[in-house]
Amino acid sequence: MISIRRRISAWMLPGLAAVWLVGGVVVYRTHRSATFAAIDSENMVFIRMIRMNQRSQSRGPGPGRGRGNRERAPASLLSEEGVFYQVWDLDGKLLAKSKHLAEFDLPLPEAKGEAIDRQTLVLPSQLRLRTVGMTFGAGHFNDADPESGRPAHAGGSGGGPMAVIIVVARDLSDADARLKTTLFGITGTGLVIIAGMAFLLRMALRNSLRPLDDLAAAVSNVDPSSLDARFSTGKEPLELTPVVFHLDSLMERVEKGFLRERRFGADLAHELRTPIAEMRTKLDLAAKWPEERNEEFFIATREINMRMHRVVDTMLELAHLENSDGSSPVESVLLAPLVAETWALLRERAEARQLKTEIHCPDDATVRGKFELWKHILANLFSNAVDYTSVGGSIHFDLCEDGIALCNTVDGLSTGDVGQMFERFWRADGSRSDSNHSGLGLSLVQACAHDMGFHATASLKKHEDGEQFVICVRRKTGK
Amino acid sequence: MKLLIVEDSKHLREDLAKALRHSGHVVDVAEDGEEGLWMAKESPYDTVVLDIMMPKMDGLTVLSEMRRAGIQSPVLLLTARNTVDDRVQGLRKGADDYLGKPFDLAEFLARVDALCRRGHGQHSPVITAGDLELNTNSKEASRSGKPLDLTAREYALLSLLMLEPGKVLSRMQIEERLYDESGSRMSNVIDSTVYHLRNKLGPDGSEIICTRRGQGYFFQIPAL
């Protein structure tokens, strides 16, 4: 499993180590170069002193030699411990040499001519030396620049010091020790910093990812009894805000779906169990008290039976339509006679409720689909309209673009009710005990419409007589 | 016992009321939650039978409102919603029993009787006071082992008084408990019933069903 903590740590710590390594190498090498440069510089000073000694020896003591006396290097310096020198003439004849070198000879400069030669070498005794070699021409002295390393030119008037090759070497033990200390320092500091960074990174990740852990804990606590839980606290980090927002949206949808399922279960239980309970109670009553076996008992029993029959038939019809692929042939259905036939069955009920009715359906009006399904649709829509229109209200039927529309005035219906109308077994509160309807009518209308490539929609709108409920069955766009 | 049935199904409401009346109870009915709550607040009932899914106000809300109003009548929830969650929710809201639809009528009647008894602190179906016995299951009364031939009204009055011995009940209170909302009440019907009941109890009938002048009647346990 991918872990954000591990992924960040896996990038950060090796990355930091690499940066530290490169930095350390640069620092070490710079320091080493500076150390060697300082040693080379000291060696050059030493070479100059040797050259001064050589010059003073070639001139000898006398009046006017004050400058020479002043520039002569003290012998103690030339015998300084850890510093070695060797002097040759240009023919390679050894002129002078440090006693400490014993039998070992310093290497002649590899660089030809007057260039300064720098080398690092190891004595047989494992002593590491840094050498600087330089060739001096005859008669010149001061023009050897130790800083630039440019030697004096040979030749010139006689009487000057002879041309020589001087090599000075210096023991690197101290410098190596200092460099080693520097290396250990860089390495140690790097390790401490990386360890510190690892700790800080861990703490930072723990603190930064805590809201994620909290969110995970909150999500894991959600169960069917706490679907109203929401995760937004207003304090979550910016990065988590979209996640929390989408989780809350998801929870809202889940809660709505769960409530819909629960409502459906309760409605289904009510619609199916109540008539069974009615029938059973009626039979138990008649069995225990024979005087209850009267005409009313038989009429009521038949009525309950018929209601159960209607519910079962509608559910089977719905199941059939759901499994239909809609491929059965459609025809052009003449609407006028179908509407007239349907309305004829309901006219009496409508008149009893003093409903005003307007039906606009031209004789030649047709609609594509299946005759039986349109019959179901019209029967359910008109039946609902007659039963649920407020007393003395109005019903208006008309054709609309690619379908039909039925409007009726209603009382006590909310927009929320309209949104749930096509759910199975849904009934407005006031009609729960109505035994003429089971709450499946509009589900059946929708299923019939879908099977023919139509779609039923419901809405509420303001009307001069009050609220008006509008239901349209239209051909689906693009089909 | 006086009972209230709050049920939106007309058939069920009427049939349950008939069965309870056959069993000697006095029954009022309401067809939605609002009406049921109003009736429960208006009159004392020995048991309320309450459906959950009803128009206007659901049964659980009615139950909560009843308990909030201090009505302690035992409540039997009667509903098609029969899951464990529904039962637990109903009982936690203050119901005393729960019966899922469909149900056996005999079981329903037995549960209602049990709730009525428990409402009066009586756990046994047989109420005994001295040599007088009242069987709430068979709706029969006997004295010294000899059955008493009581009408439904006389049985109801005797059981009402026996459940609260020593407590004076006014004529108005007795009427409320013995007659439903639709029943016709004659002015002397209680006095007449008391008269007949005393006679059937024996020569000491007036010492068992006692009169407190200006206040009403009360039950006194007969000596053995």
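Visitor: Which element gives the largest share of the lining of the second largest pocket?

Guide: That is α5(A), with eight residues. This is a predicted model, where local features need pLDDT of at least 70 and side-chain atom pairs pLDDT 80 or more, while totals for chains, interfaces and linings use all residues. Residues are numbered from 1 along each chain as its sequence is written, chains are lettered from A and ligands numbered from 1 in written order, and side-chain values use heavy atoms, without hydrogens and water.

Visitor: What makes a residue part of this lining, and which lie nearest the centre?

Guide: A lining residue has an atom within 4 Å of a pocket point (an open set on a 1 Å grid where a 1.4 Å probe fits, with protein on both sides within 12 Å along at least five of seven lines). Here 30 residues line the pocket, with A:R262, A:R263, A:A266, B:M53 and B:R81 nearest its centre. Two or more lining residues each come from α5 (241-288) and α9 (415-420) of chain A and α4 (84-92) of chain B.

Visitor: Why is B:D97 called buried?

Guide: Its relative accessible area is 13%, and buried means under 20% (1.4 Å probe, protein chains only), so B:D97 qualifies.

Visitor: How do you know that B:D97 makes a polar contact with B:R111?

Guide: Their side chains are 2.8 Å apart; a polar contact needs an N or O pair within 3.5 Å, one able to donate a hydrogen and the other to accept it, so this pair counts.

Notes:
Helices (H or I, at least four residues) and strands (E, at least two) are DSSP runs, numbered from the N terminus. Buried means under 20% relative accessible area, exposed over 50%, partly exposed in between (1.4 Å probe, protein chains only).
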